[in-house]
Amino acid sequence: MLFNELGLSAEILRAVGEQGYDTPTPIQAQAIPHVLAGRDLEGLAQTGTGKTAAFVLPILHRLINTPVNSAQSKIAPRVLVLVPTRELAAQVLESVKVYGKHTGLKSLAVFGGVSIVPQVGALRRGIDILVATPGRLLDHLGNRNVDLGKIQTLVLDEADRMFDMGFINDIRKIIAKCPKDRQTLLFSATFAPEVRDLAHAVLRNPALVEVARRNAPAEMVAQSVIRCDQDKKKDLLLHLFSQHGWHQTLIFCRTKHGADALAKKLEQSGVKTAALHGNKTQGARTRALADFKSGRLAALVATDIAARGIDIDSLPRVVNFELPHVPEDYIHRIGRTGRAGSSGEALSFVSLDERIQLRDIERLLKRELDSTVMPGFEPMQTRPTPKVATPVRRSAPSRSGSGKPGAGKPGTTSPAGRNYGPRAGHSPRSGGGKPAGSSSYVGQRQR
Ligand code: AMP
């Protein structure tokens, strides 16, 4: 199927063509006809599938083909897209601007962390499409800067993340201000029970569109684990940067503080780096992303929440400097690489204290990850560090057996984690799901 078979207006097809796209992605091919027909939609799709254009293109089409009521208040947008993060808000707005370039429609993104004043001015001048994070939109609603009474289409993007980030009550308040006879589109990477409940409450007879989930990570991502003590990880990372001349490497840390400290160390060692997390100003975050995308930065050190929605095509490498507490975040993290047919690499530095997280990730993946030790950085720690309170971003849903030491695969951990070490007979493995020749570390594997 081609874009010009979908019935979209010429102005929109022109902009799509200028982006070099002629074939819709599966989510676009499935969703666009339903949205054009005015139906509600429940879309199970992640970032990287083309889901933004799947709702933006038909929304633009409907807007330019629906006359504006001349009595309509200027501060009443016709479309509202609710997103969980400011990065995603900026990216959705960019798509609206790119695809809506020849339509004359006005769009704006409102989110926190930046001055509210220019947003108020822009809202008063009149907007067709408003992209917003829930907190800042509620501020504007409270100040009567915007009226949602004329919303024709409401989009809830990354609904699962809205729950994770505790936005659900804000969302309910916002939805209550939209007309009942609107069109509603809900996108989520997972249909957890709470997302299903929300979908049930806000959608009317929705079309269900589902594209291949990334619960199995992209085929093209070569995943491996390097076992290393926590206090050696920075040196190991620097060693790999200098040995392999890495560029465009996205590095995940669990905490903002950890991300800052690591970024500083890399920068001091001559690796062009920025940190991306919630304490950075919006300007700094936007700049860091732009510099990383353009290749000016070799490394971007991010926390999970800050990295949500980052859309960078063909990222060559993701490094998990620390494993996430929530195993699904591992899938989100490594989903940044190996996109659109290009191969990518996901390396996880795993210390003895992270064995439980590794086990939970491997259970989710339903396979063991290839595990190596880097000469010169062999793990020396033999006992887990006594437990101190570690910040947990959000509670993971309880999984059977999760957290019970010793419940993992044989050879991974013992009850005290004491046989954690080179996994005899596990490496190199055949049939481990890695694309052939996908790792540059094969020569250094433990034998
Ligand atoms: P998204 O899932 O919306 O974050 O989109 C992921 C990436 O795919 C973005 O960089 C889009 O510009 C790109 N994209 C969207 N639609 C198409 C298409 N039909 N063909 C090729 N690339 C696309």
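Which residue forms a salt bridge with D291? The legends below refer to a predicted model.

**View 1. The salt bridge between D291 and R296.** The partner of D291 is R296, and the closest N and O atoms of the pair are 3.3 Å apart. D291 has a relative accessibility of 19% and counts as buried, because the cut-off for that class is under 20%. R296 is exposed, its relative accessible area being 56%.

**View 2. The salt bridge between K51 and E158.** The closest N and O atoms of K51 and E158 are 3.8 Å apart. K51 is buried at 3% relative accessibility, and E158 is buried with a relative accessible area of 4%.

**View 3. The salt bridge between K233 and E354.** Here the closest N and O atoms are 2.7 Å apart. The pair connects distant parts of the chain, 121 residues apart: K233 is in helix 10 (residues 233-244), and E354 is in the loop between strand 13 (344-350) and helix 15 (355-365). K233 is buried, with a relative accessible area of 0%. E354 is also buried, with a value of 3%.

**View 4. A salt-bridge network of R14, E18 and K101.** Salt bridges link R14, E18 and K101 in a network. In total, the structure contains 16 salt bridges.

How values were computed. Residues numbered from 1 in each chain as written. Predicted model: local features only at pLDDT ≥ 70, side-chain atom pairs only at ≥ 80, totals over all residues. Heavy atoms only, no water. Salt bridge = Lys/Arg side-chain N within 4 Å of Asp/Glu carboxyl O. Buried < 20%, exposed > 50% of the residue type's maximum accessible area, 1.4 Å probe, protein only. Helix = DSSP H or I, 4+ residues; strand = E, 2+ residues; numbered from the N terminus.
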